[in-house]
Amino acid sequence: MKILIIEDEPRVASFIREGLEEKDYETSVAYDGITGEKAALEEAIDLIVLDLVLPGKSGMEVCRSVKAARPEIPVLMLTALSTTLDKVAGFDAGADDYLVKPFDFPELLARIKSLLKRSRTASHQPESLRVADLELDLMRKVAIRGGKVIELTAKEFALLEYFMRNTGRVVSRADISEKVWDISYDTGTNIVEVYVNILRKKIDRDFETKLIHTRIGLGYIFTDS
Ligand code: CA
């Protein structure tokens with residue numbers, strides 16, 4: 001989970017950042033509205049903590065433009081002002097929640113958690129992936145083919161998920177090694193080949209239509225055609 005903090009007061013920004021990093025959230029900080037807006041529109045982030053009064057562009061303006069382009073990202077607005085009017089204006093701009101400064105960290109964290117939970121529930125994350133007659137159940141972490149449940153280890157599951165999310169596209173051993181094992185590809189090991197073979201036995205061997213295909217010199221392609 002990555003949280004973008006747009007806050008011009010360095011002390012407040014680092015208080016939030018340190019607290020969140022301690023709780024294992026990834027963070028990114030912008031100290032003005034313009035940089036913050038750019039980051040909000042371009043970076044892969046899950047939530048924005050946005051100060052209302054900012055140099056460059058106000059929190060309200062940033063909120064409005066982010067919500068227009070990426071409405072799925074929850075925005076928690078921070079402000080030193082606490083009048084009802086400001087709150088209404090913040091919600092008008094699309095803020096999902098509002099926190100008045102000064103606040104203590106546990107309260108901020110509770111708001112963030114509840115926004116993230118809400119956005120996860122609301123987003124239409126598929127619960128399974130499907131290619132031909134193979135289904136990968138993302139909740140139960142098993143594959144189902146031809147009505148048969150196939151148990152997978154964590155790495156087999158990760159590899160199959162990677163293949164299925166890249167259906168029809170050639171993926172190299174280096175891509176797999178980096179994305180599934182999080183290590184750069186070392187030609188001295190054959191871990192990718194070993195796992196691909198295990199996966200083939202589990203999901204392809206007993207079925208007429210093969211899904212994992214080798215592309216010599218390139219890698220693999222996952223497809224039913
Ligand atoms: Ca400020």
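Colleague: Which residues are the protein donors of the calcium ion?

Modeller: Asp8 (OD), Asp51 (OD) and Val53 (O), lying 2.1 to 2.3 Å from the calcium ion. Donors are N, O and S atoms within 2.8 Å of the metal (3.2 Å for Na, K and Ca), and with water not among the atoms, sites may look incomplete. Bear in mind that this is a predicted model: local features need pLDDT of at least 70, side-chain atom pairs pLDDT 80 or more, while totals for chains, interfaces and linings use all residues. Residues are numbered from 1 along each chain as its sequence is written, and side-chain values use heavy atoms, leaving out hydrogens and water.

Colleague: Why is Asp51 called buried?

Modeller: Its relative accessible area is 3%, and buried means under 20%, exposed over 50%, partly exposed in between (1.4 Å probe, protein chains only). Val53, at 56%, therefore counts as exposed.

Colleague: What makes Phe15 and Phe105 an edge-to-face pair?

Modeller: Their centres are 6.1 Å apart, with 85° between the planes. Rings of Phe, Tyr and Trp (its six-membered ring) pair if their centres lie within 6.5 Å; planes under 30 degrees apart are stacked, over 60 edge-to-face, the rest tilted. So 85° makes the Phe15 and Phe105 pair edge-to-face. Phe15, at 38% relative accessibility, is partly exposed, whereas Phe105, at 13%, is buried.

Colleague: And why is the pair of Phe163 and Phe222 stacked?

Modeller: The centres are 5.7 Å apart and the planes of Phe163 and Phe222 sit at 15°, so the pair is stacked. Both Phe163 and Phe222 are buried.
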